[in-house]
Amino acid sequence: MVKNTYMRWRLPLVCLLWEAAMIVLFGVFVRFDPEADAHWKEEQRQKNLTSDIENDFYFRYPSFQDVHVMIFVGFGFLMTFLQRYGFGAVGFNFLLAAFGIQWALLMQGWFHSFENGKILIGVENLINADFCVGSVCIAFGAILGKTSPVQLLILTLFQVTLFAVNEYILISLLHVKDAGGSMTIHTFGAYFGLTVTRILYRPNLEQSKDKQGSVYHSDLFAMIGTLYLWMYWPSFNSAVSNHGDAQHRAAINTYCSLASCVLTTVAFSSLLQKKGKLDMVHIQNATLAGGVAVGTGAEMMLTPYGSLIVGFLCGIVSTVGFVYLMPFLESKLHIQDTCGIHNLHAMPGFIGGIVGAVTAAAATEEVYGKEGLISAFDFTGDYKDRTPSVQGGFQAAGIFVSLAMALAGGAIVGAILKMPFLGDPADENCFEDDVYWEVPEDEESGLYHMHDPTLKPVTS
Amino acid sequence: MVKNTYMRWRLPLVCLLWEAAMIVLFGVFVRFDPEADAHWKEEQRQKNLTSDIENDFYFRYPSFQDVHVMIFVGFGFLMTFLQRYGFGAVGFNFLLAAFGIQWALLMQGWFHSFENGKILIGVENLINADFCVGSVCIAFGAILGKTSPVQLLILTLFQVTLFAVNEYILISLLHVKDAGGSMTIHTFGAYFGLTVTRILYRPNLEQSKDKQGSVYHSDLFAMIGTLYLWMYWPSFNSAVSNHGDAQHRAAINTYCSLASCVLTTVAFSSLLQKKGKLDMVHIQNATLAGGVAVGTGAEMMLTPYGSLIVGFLCGIVSTVGFVYLMPFLESKLHIQDTCGIHNLHAMPGFIGGIVGAVTAAAATEEVYGKEGLISAFDFTGDYKDRTPSVQGGFQAAGIFVSLAMALAGGAIVGAILKMPFLGDPADENCFEDDVYWEVPEDEESGLYHMHDPTLKPVTS
Amino acid sequence: MVKNTYMRWRLPLVCLLWEAAMIVLFGVFVRFDPEADAHWKEEQRQKNLTSDIENDFYFRYPSFQDVHVMIFVGFGFLMTFLQRYGFGAVGFNFLLAAFGIQWALLMQGWFHSFENGKILIGVENLINADFCVGSVCIAFGAILGKTSPVQLLILTLFQVTLFAVNEYILISLLHVKDAGGSMTIHTFGAYFGLTVTRILYRPNLEQSKDKQGSVYHSDLFAMIGTLYLWMYWPSFNSAVSNHGDAQHRAAINTYCSLASCVLTTVAFSSLLQKKGKLDMVHIQNATLAGGVAVGTGAEMMLTPYGSLIVGFLCGIVSTVGFVYLMPFLESKLHIQDTCGIHNLHAMPGFIGGIVGAVTAAAATEEVYGKEGLISAFDFTGDYKDRTPSVQGGFQAAGIFVSLAMALAGGAIVGAILKMPFLGDPADENCFEDDVYWEVPEDEESGLYHMHDPTLKPVTS
């Protein structure tokens, strides 16, 4: 049966109505945080701040920009590895992230920055909105090439909502620490996306198998995404940590974990290929697992060598996942995971949650100092009597709450996305920009193959 | 008639003589700003600055680097969409910007940082020099592929000069606020470039029509430029704002406007194409209009929802411009605008000027606070009695001054560029790197088409 | 004779063993610097630091991230210009840098941050580790396409070790200033790499001559590397300078030198080509020489016009080097320098050392101020009586020490890399990703030529 992928009325309608809704909601609820408000000059005097440099903007803006690059260029280009889905990878990621950050500012605002009827936003809110959208970009990786832009916007609407709820449960109710989001971003985002793609299972997807491979230059474009994610991950994991030593420490731990991860990825990529050759898919993805896996622990006293160990293991786990687990998941569990987010985000995210729980449980006054321990885990107010071991327990609980939210949420949203009129492509048109984009006809793009069926790329 | 595009003596001569002139002028005039001078340690004690972190370097350097990336990678790669003009796009943009920032440091220095015969430069001057060059990169977009490097250097020399004069009139004489340059950078730069390309009108340009399209990967290269411009625009609009809340606010407003702009661009790109498919040209350009249009207002209390509204409208205006206005401008007004700067910079820049004027006129002590209002609009010294409504009037005047300077200046400079011996390409060689660059002959580049005329890309 | 390039056991073994060694050594030696340690809160009170913003993290982290981008994206993509070695360029650079930074943290730590048996690391150590690896990336440029990943890891192990020793001699024993590394990074790295490639001389390399050229899009990928190196070089040269004016000044001087360098590069690229056309190889490389050449002097009072002069000369020297010196070095001295590091790093680095020595020798209290002079050259403790002219002498000595270390070290390491079982490719397989990577077969990559020998790219 031929699918109707005509977007002309559906896509504009969703974009315009939803953006109009954003304007109304922002008008009613969103205002500037005091540090971004013109009254700040007076604020400052009252707070006896010695200098403008005390404005949170200067503590977090550079990290914000790095995170911003990770979301739009990092995730966007990482997904351009497909030979003829580059426009969709970068373009749809751009679209869903641009909508997602607005909706996230509202959802997270209601839960975390709501004061006398207003959401007060500053640079930290912008970072958290990017984080929230990051989990959607992760889920997008699982269904890449198989959905319409309308489906992606609906996915974003619901996933951002559930993300905010889950985050609220973890951060506010369980008082869990998760600055780099191993649980809230990666575990949640990945298992959510995997559930969605399971629901959207396409038995005859092999009809577009020839388009699931990369071409030489599409692999180089993907490396742009990989490297920006890899380089800026220290900013990602430290962006919303406490000022001072916590941000400093989070960056160092992440830097170490990522470095170590690259070596084990290369080792196993070569080891698991009979000719001993390296596979770009592993280099593009598994090298990042180290950053995912210290998302919770990086701001704690994980220590540089602890980080190296985490990176060491995750490079192995992730690469092995690509080689052995992924085919199994597809054939047995019918999980068609285009980008292999199970290897890059799901498993390392889960490990990251455990690493965080253990590190928290092992915290002592000797290692952190009296004040250090209190500020690191915010053992104040209602939580002033919580001990590290108890904290560890709550951290562990956070993993499973995230997992449950992801599976339940993914199942529901997946079902919603199955609705017939959302314009998803036919099996033979998956991984094909031509469906939703005006594509220049040139011998350079994969489209060429349609003109000359004798030239088919080997799919990796 | 065959054109002489032989650059061997003309280009080196211009580059070497002008660079030598820069050295002499820098030697006579340019010195370090006190905060970059080795005497600063003493300065500091006299000023009772508590810490090195008070150095302006730490307030502005991260934003400077983002702006720097926008000028060289952002504009450079945005223009690589042409199938066989990638070297010219990135390379000539690199050349003119590298010369332009030096000349801008001098011109802007004489007008704004001239003290007892010396121009004292610090990080803020570097940002302003990049801004000035940004207006040249914009103008370059209109004549992309149709001029020689010598013509581009001459264009840069004159445009930077006129930019500095116009900026002086607006900032110093009219006391206008324009931190993100909706007027000084975008309105001026775009109308200047459009006038120049009008003067350089080529009636037979259709002879190179087949090269005006993109190829699959050239569109992906262009997206690198688009995304860096989009992501770093908050830094652009906040880079030279007052320390503290103003920089913070400018970044938030720009972030919001850009996010909203993406959705309306996607909506109209699909809506205005009969098959409902998205057009890369719109995604690459119109998504940025939101940043242009808050260039003046971002540092004011435009508020997040105000920014969303501006972005919403500009995404529509810009996309509609690409579809309907551009063909009209070319056929009726003989304005051949290669990159469509009229849609991305001219109209949004003009709107941005108006948004700024209205926002200024609407400013109240209630919204800004007494001190806040004074510092936001610098109502001090000669201007201590100026009211917001009067300020709004001057802001509006600034738009038209910029417009007048652009049209008059563009006409003159366009006439200068028509001089026969500057080495511009023949109509059939436009949009062709082969004219000024050694190009590797490979089936990958558009050049391939010359070997096999049966393969012609569809021009968008 | 056929070479055995089978990596399946050798590469994994080296990666896993060495990474395991890193974990052990980090476990024994590496801890957090006080500013990254959870005890900092108490530290702070004792030091009466008024604010968290005093943490070194906020002085150096933005520069660190820029340097990080230069090492991984800058060097990585700069080397993708080869038509079919993009995976190796980006991928092997990624691998060696990821290992190198870990080993550098240890080596530099033992020499510079070793306190009561522990190496205490903070953001400045991360920057220095990146710097150290930068010298390995430079050396990699000379042997690009001719070595196996195992050889590259061995190269990294030894070069990082020698780098740390040389750096110790210069910085700690000779008390030389070299914040941007003209001597320690560029002179050392380049001459080291040139010596290695001389030892590994391949008389029959012309067998892979057809692969040494670029293709259209590989040149555009390389420009990504070029531009990020060019834009972020001011961060590179200022990253580890003293807080305040020194960092500020270093950025300005580098910005000026680089701008000037672009114009003379363009001038000579056109001048030295009979058709007057620009050569991408020059634009990609020689434009960066200005940054290399102010690596030592940038933080001194070199002044903006002094920087312009340095950039002016180095653009010429570097471009002339590519046109005349490189062929000579290959034919007469048997130095096969794939990326032309002699032109971009060796000569400009050497010049940079001299510029630094002269600038130091010329320093006066009048120009620096009493305090300024002392802090600029750290004339304290054992060195409180050292005069600028003496400092200049030591600076000059530093150049030759670096040179000697590079030549001797390169000779030894080159000999080690000649060992037969390291898996280097045969002459006809050099510059070919297919040897060590799974490469998608598509008409887009240079590989295409193998299927259709009638299509050969012109090698530049």
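Hi everyone, let's start with the cysteines: the count is 0 disulfides over all chains, where a disulfide is a pair of cysteine sulfur atoms within 2.5 Å. This is a predicted model, in which local features need pLDDT of at least 70, side-chain atom pairs count only at pLDDT 80 or more, and totals for chains, interfaces and linings use all residues. Residues are numbered from 1 along each chain as its sequence is written, chains are lettered from A and ligands numbered from 1 in the order in which they are written, and side-chain values use heavy atoms, without hydrogens and water.

Cys137(B) is in no disulfide either, with the sulfur of Cys132(B) the nearest at 9.9 Å. Cys137(B) is buried at 1% relative accessibility; buried means under 20% relative accessible area, exposed over 50%, and partly exposed in between, using a 1.4 Å probe and protein chains only.

Now to chain B. Phe322(B) sits in helix α12, residues 304-331, and is buried too, at 9%. Its C-alpha is 6.2 Å from that of Asn343(B), although 21 residues separate them in sequence.

Last, where do two chains meet? Helix α8 of chain A (residues 216-238) packs with helix α4 of chain C (residues 86-112), at about 20° and with axes 9 Å apart. Helices here are DSSP runs (H or I, at least four residues; strands are E, at least two), numbered from the N terminus. Axes are lines fitted to C-alpha atoms, for helices over the stretch in contact, and angles run from 0 to 180 degrees between N-to-C directions; contact means heavy atoms within 4.5 Å. Thanks, everyone!
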